[in-house]
Amino acid sequence: MHIPSLSAVAITALLTVSTLAKPTEPKINLRSWDEAYTMAKTLVSKMSLEQKVNITTGVGWQNGPCVGNTYAISNPDFPSLCLQDAPLGIRFAYNVTSGVSGINAAASFDRKAIRDRGVYMGQEFRGKGIHVQLGPAMNFMRSPEGGRGWESGGEDPFLTGVLAEETVSGIQSQGVIATAKHYILNDQELNRHTGSSDVDDRTLHEIYLWPFARAIEAGVASIMCSYNQANGTFACENDYLLNTVLKGELGFKGFVQSDWSATMSTVNSANHGLDMTMPGDVTMGSNDSYFGKNLTDAVHAKKVSESRVTDMATRIVAAWYKLGQDKNFPKTTLDSFHLEKAPYVNVQSDHYKLVRSMGAASTVLLKNNGILPLNKSVKKVAFVGSDAAVNPDGINACDDHGCDKGTLAQGWGSGTAFFPYLVDPITGLTSALGKGVKYTKSLDDWNLDAAADAAKDADVAFVFSNANSGEEYIVVDGNVGDRNNLSLWNNGDNLIKAVADANKNTVVVIHSVGPVLMPWIDHPNIKAVVWPGLPGQESGNSLADIVTGKVNPSGRLPYTIAKKASDYPLKPDPAHNVVYKEKLLMGYKWFDANNVTPLFPFGHGLSYTNFTYSGLKVKAKGSGKSSKVTATVTIKNTGHLDGAEIPQLYLSFPESANEPPKLLRGFEKVFIKSGKKEKVEFDLTSTELSIWDTDSKAWVVPSGKFTVHVGASSRDIRQSADFIL
C-alpha cells in the first residue's frame, strides 16, 4: 500500500498514554461459513445490482475515516466496512499498542505467544470499530534485502504458515476480519507495481502458497492480492491464481480485495476473481473507479454476469456474518487523515505486558562467551550508539516511521503504527540494573573517539547498531524500500570495532529488519551478540529482561545470516521478469544444498542453560493421504537455570522426491526446569509429508525412506531416525 505523507503536526500531536482497565470481553457470535453463507444469500437476494456493486467498491482515497471504506447501502441495510492497516497494530490512530513486528513473532517460535498477539490486535481493531485488519503479511524473505520482509515470517514456509494460522485465529477470535496478504510472489519492492514474478507450479505450491493455505484452513475471511504480475498477469486479475488455485483448489470462501490501487481493469478483474477494489479509485485521488459505475455498465453490456457480482457481494457479506459483525459491532472511531478530530478511544488495556514478553521471547542470543546474563559485580556500564536512545526529534517524528534516527523498533511504510511511548535500551537497562550502577554514554555514531572514551573504563560496554528497510514510497538514505546492501547503517561496523578495541567486555546489540554482515564477529573482545530484531514499544524493557536473566533467551533466527553477501543466491532483481530460478532452494535450503556454511543458521539461538536430546522414536502408519507419523524425543535441561528450548523437526524426503536436503516440518517451545526432562511429540500428517506433483496437479506423499532430524537449529541436529512410507 502507498500512502502520501501526513502533516508533521498530525504526526507529532500529543499522544495520550494511559492504561485503562481491561474491557469486559464482548460476546462475539462467530459463525461457520455455511451459516454465514445462508444468511448472506438471503440479504444479497434483496439487493439491486447497484447495491451489490457498492459493497464491492471503495469510496476513494481519503474519502472516509479509514484507509479503506466501502459504500454503505440501505433497504436492505449493510454498513460501510472499515479496512485499516497494519499487520502489527492500528495505523493512523492514537492510544493503540505498537508491538513486535511479524518477523519477531516468527522468531519466538512460540505458537501460543503468536496467537495471543493476534488476540490482542483483534481486541484493539474491534475496539476502534475496524471491520477488517489489513494483516497478517505472509510474503517471504526471498532475499535478505527485500524491503518488507520484516512484516512477515522470514524464509521458511512452515514457520510462516504457523505465523499465518495462529495470527488469523487470534485476530478473528475477536470478531475482526483478518487479511492474508499480499497474494502472491510480492517479495521485493523494486518494480513492485510493474514487474512479473515468474515461478514454476511446484515452487508456487510448496513455498509461496503454503502460508495462504494455512490461513484459509484457519478460516481467514479476506485475502489481499498484490501489485505485481505473476507469470505475466497482474495478481488482481489472475484467473489461475484467484479462481483456479485460491477459490477452487484451496476452497477460499471469503473475499479477495485489491492492494491499494492494484486493480488494473474492470472486466478481467471481476471475471478473474477480484471481489473488492481498494481504496476504490483507479489511482489514489483520481475520483473514478474500475468498479462502481464501470462495473454496473459491464454487467449491462453482458461482459460481466450479474451472478458474478452477486458472488462478489455474497463473499463480502458472508465474511461480515461469519465474524458476527451484524450484532453489537462498535462504531468506527478512526479519522485517519484528520487525527486530531478522532474521538478519544483507548484500546491499549494491558497489552504492553504481551509486547514486553513477546519482545524478550523473540530476542535471539547469537553469541555469548559467558558474559550474559550480567553479573551482579558489574558496577559501570557504557552505552554507545544512536540506536541506544530514542529519536531526539520524537518517537513518531517521521511519516510512517520513514527514517533511521534513534533506536529501531519497527521498519517503515504502511505496515507501521504510532508508538504510544517507546522504552529505549538505555531507559530499560538503567531501570533494570538499578542505582548501584554507574553509566557512561556516547550516542554519536560517527565520533569514534568519543565512543572509545565512553567504553574504555566500563565493566561492560554495550554498543548498539541497526539496519532498516520498508516500503518503496518512502526513500531512506537512498534505500528505496529494499536495502541497498547488508551492512549496518550509521557507521555501525566502525562503531562496533572502536568499542571492542577499547573494552574487553563488549556486548553488541543489533536491531534489524533482517540479516546483516558482521565483519567484526571474531573480535576477541566481543563477548556477546544480542539480536532483538524489531521489538516494538517495550523494546528496552524486553532487552533488559534478557540481559539481566529475568528471561532466559529462547528466540530463534527465522532467516539465515551468511558470512558474506555473495553467499546468498539472489537479491532484488531489476529485470521486468523476476525469475524464481532458485525454485525450492530458498534460504537455508540453498545453503544446505550447496554446502555453504552460514555465520548463524536458520533456527539458531542460544540459551543461558544447556539442553540434551535423547531417545528419538518415530512411528509411521497409513499411506498416501492417510499417512501419519509421530516422532517423540526426550529433552533434558542439564544446566543450572530454568529455561525454554525450541526443538525443531526437519524432514528429509526420499531421493526420488527431488526435495531440498531437509525442510522444517515441526517445532515446539517447551519450558524445562533445571535438571528436569520433558518428552516432546511431533505429529506429521499428509500436509507435512506431501510434495506437489505437477503431472497430476495434486499433493502426493512420495514412497520410500524419509529421515526425521530433531535439533536446536537447522545446523545443530541432535538426533535422526528413518521411516518408510
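Biologist: Which strand does strand E20 (residues 648-652) pair with, and over how many bridges?

Modeller: In general, strands of a sheet pair through backbone hydrogen bonds, either parallel or antiparallel. In this predicted model, strand E20 pairs with strand E26 (residues 705-713) in the antiparallel sense, over five bridges. Strands are DSSP runs of E with at least two residues, helices are runs of H or I with at least four, both numbered from the N terminus, and two strands pair if DSSP finds at least two bridges between them. As one example, the bridge partner of Leu 651 is Val 708 in E26.

Biologist: What is the order of the strands in the open sheet?

Modeller: The order of this sheet of four strands is E21-E20-E26-E27, with antiparallel pairing. Strand E21 (663-667) and strand E27 (716-724) stand at the edges with a single partner strand each, so one side of each is left without a neighbour in the sheet.

Biologist: Which annotation covers residues 645-714?

Modeller: An unreviewed UniProt entry gives the annotation "domain: Fibronectin type III-like" for residues 645-714, and such annotations, given in the numbering used here with shortened feature names, may be inferred rather than shown by experiment. In the model, that span is 6% helix and 53% strand, and its end C-alpha atoms lie 14 Å apart.

Biologist: How many salt bridges does the count come to?

Modeller: A salt bridge is a side-chain nitrogen of Lys or Arg within 4 Å of a carboxyl oxygen of Asp or Glu, and by this rule the count comes to 38. One of them joins Asp 116 and Lys 112, with the closest N and O atoms 2.7 Å apart. An α-helix has 3.6 residues a turn, so residues three or four places apart point the same way. Asp 116 and Lys 112 are four residues apart in helix H5, and are therefore separated by about one helical turn.

Biologist: Is Arg 192 buried or exposed?

Modeller: Buried means under 20% relative accessible area, exposed over 50%, and partly exposed in between (1.4 Å probe, protein chains only); Arg 192, at 2% relative accessibility, counts as buried. Its side chain meets that of Glu 472 in a salt bridge (3.0 Å, N to O), and this pair ties together parts that are 280 residues apart in sequence.

Biologist: Which rules apply to the numbering and the atoms used?

Modeller: Residues are numbered from 1 along each chain as its sequence is written, and side-chain values use heavy atoms, leaving out hydrogens and water. Because this is a predicted model, local features need pLDDT of at least 70 and side-chain atom pairs count only at pLDDT 80 or more, while totals for chains, interfaces and linings use all residues.
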